[in-house]
Amino acid sequence: MSAKRILVVDNEPKMRRILELSLKNLGHEVQQAADGREALAAIEQGAFDLVLSDLRMPNMDGIALLEALRERGEDVPVIVLTAYGTIETAVAAMKLGAVDYILRPFEIETIELAVSRVLAMRAVQRENRFLRDELARGWGGFIGTSAPMRQLYELIGQVAPARSNVFVVGETGTGKELVARALHEASGRSGLFVPINCAAIPAELLESELFGHARGAFTGALRDRVGKCELSSGGTIFLDEITEMPLALQAKLLRVLQEGVIERLGSNASIPVDLRVVAATNRDPQAAVDEGLLRRDLYFRLNVVRIDVPLLRDRHGDIPLLAAHLPQKYARELGRPAPRLGEAALARLERYAWPGNVRELENLMERAVVLCRGAEVTLQHLPGEIAGTRSAAPVAAAEDAVAAPADLSLKSHVETLESRLIRAALERSGNNKAAAARLLEISERALWYKLKRYGL
């Protein structure tokens, strides 16, 4: 177990010192407080993983400390120390949220065992909360037996057991996150797989998302928060769209990778982390370096091994497999029998170029299952540009809309055209924001801003 920050609260200096030495021998960082007031002041200055507190103290006792922590919304675990004659008070402390109590006098081994047990329980609870969120979100595995996919499987098997950082490169929708998950699952690392999309989080919040923050670090920071780097320690952190991360934050990430420690926003406490990073981008990473979007030194640190994910249009023979599997998945979600894919529809799918790759095929098959009321998906259940019933030029209507306008407000017409082009890009990409951003030749962050601005 990595070192944790523990606060020892007791009005007896000798007892504080004994507990401090014992806990430091276990490898933990320890801070002392003489009563509840000093403890609250210490907690305001930085996060603690555990509080070990006596119940009977002047100024503010252990019960008052627990009440104050509850009122402030702090969820730090507290072990209370109590004498034989105050068992009722210990029970009251447990009702206020204390996780355990220890009777005085005690053997120091009793303290050490209790601390280790509570910290282990805390880590499991944190991981369980994260895993529940991951399971709710869900994800599918690889499907495909084509030569490019077999080469991909072999490379993942070779790279996964190493601790080396990996750079995954591929167009939007190819399955870069699946590659990262496969690397983690085959790595043997015991920690969590933690994904974060650098393009989907506003720049001003991304640092807190990565490194966490201390309570009061900024407006709205009402409690300490564990960042994704700390959460993924011992496992794998997946940094999707790394080229969208601000350069100043890239420099901080580089320092974390070099030194193996993080500091939560608003805190000076160093927290050791064991990171394996899998980064991904839909750009050419070397071109991103040349364009100033990716720090060269960070690129070298991350690009120990590069994995290129094949495009769907290059995976000959995989489309029938995917097209047979996906209707079953979506039919189960809708609670209806899965329709089979008709020959004419399959022939169209195999001829299509798939600019949105597997994600576009997923969206299309979900649409087909929703529209199909019979036993077979036919051409009428496919979008017009794939079925061959309409042109794939989605901006024509937008161009017509600005012909011979009644008013000449440039701003108004630019906004109208921009809104319609965004709608057209979303339609073409199957509502995939990253793919739409590429069609519009803007960043995904800029697209999210415009979607909000125009209420799309």
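**Figure 1. Ser146, a buried residue in a loop.** At 4% relative accessibility, Ser146 counts as buried in this predicted model, because a residue is called buried when its relative accessible area is under 20%. Ser146 is placed in the loop that runs between helix H5 (108-137) and helix H6 (147-159). Setting aside residues up to four places away in sequence, Ser146 touches Arg315, His316 and Asp318. With Asp318 there is also a polar contact, made from side chain to side chain, at 2.6 Å.

**Figure 2. Phe167 and the residues around it.** Phe167 belongs to strand S6, which covers residues 166-169, and with a relative accessibility of 0% Phe167 counts as buried. When neighbours within four places in sequence are left aside, the residues in contact with Phe167 include Ile242, Ala279, Ala280, Thr281 and Pro285. Also among the contacts of Phe167 are Leu294, Tyr299, Leu302, Asn303, Val305, Arg306 and Ile307. As a reference point elsewhere in the chain, Gln45 may be located: Phe167 and Gln45 are separated by 122 residues in sequence and, from C-alpha to C-alpha, by 37 Å in space.

Figure 3. A disulfide is a covalent bond that links the sulfur atoms of two cysteines. A search through the whole structure finds zero disulfides. Cys229, accordingly, is in no disulfide, and the nearest cysteine sulfur, which belongs to Cys198, is 9.8 Å away, whereas the cut-off for a disulfide requires two cysteine sulfur atoms within 2.5 Å. Cys229 is buried, with a relative accessible area of 1%, and Cys372 is buried as well, with a relative accessible area of 4%.

**Figure 4. The whole chain, as a setting for the close-up views.** The chain contains 20 helices and 16 strands, and its C-alpha atoms fill a box of roughly 85 × 55 × 45 Å when the box is taken along the principal axes. Of the 456 residues in the chain, 47% are buried, while the accessible surface comes to about 22500 Å², with 52% of that surface belonging to carbon and sulfur atoms.

How values were computed:
Residues numbered from 1 in each chain as written. Predicted model: local features only at pLDDT ≥ 70, side-chain atom pairs only at ≥ 80, totals over all residues. Heavy atoms only, no water. Helix = DSSP H or I, 4+ residues; strand = E, 2+ residues; numbered from the N terminus. Buried < 20%, exposed > 50% of the residue type's maximum accessible area, 1.4 Å probe, protein only. Polar contact = N/O pair within 3.5 Å; in protein donor to acceptor, adjacent residues only side chain to side chain. Contact = heavy atoms within 4.5 Å. Areas by Shrake-Rupley, 256 points an atom, 1.4 Å probe, with all protein chains shown as cover.
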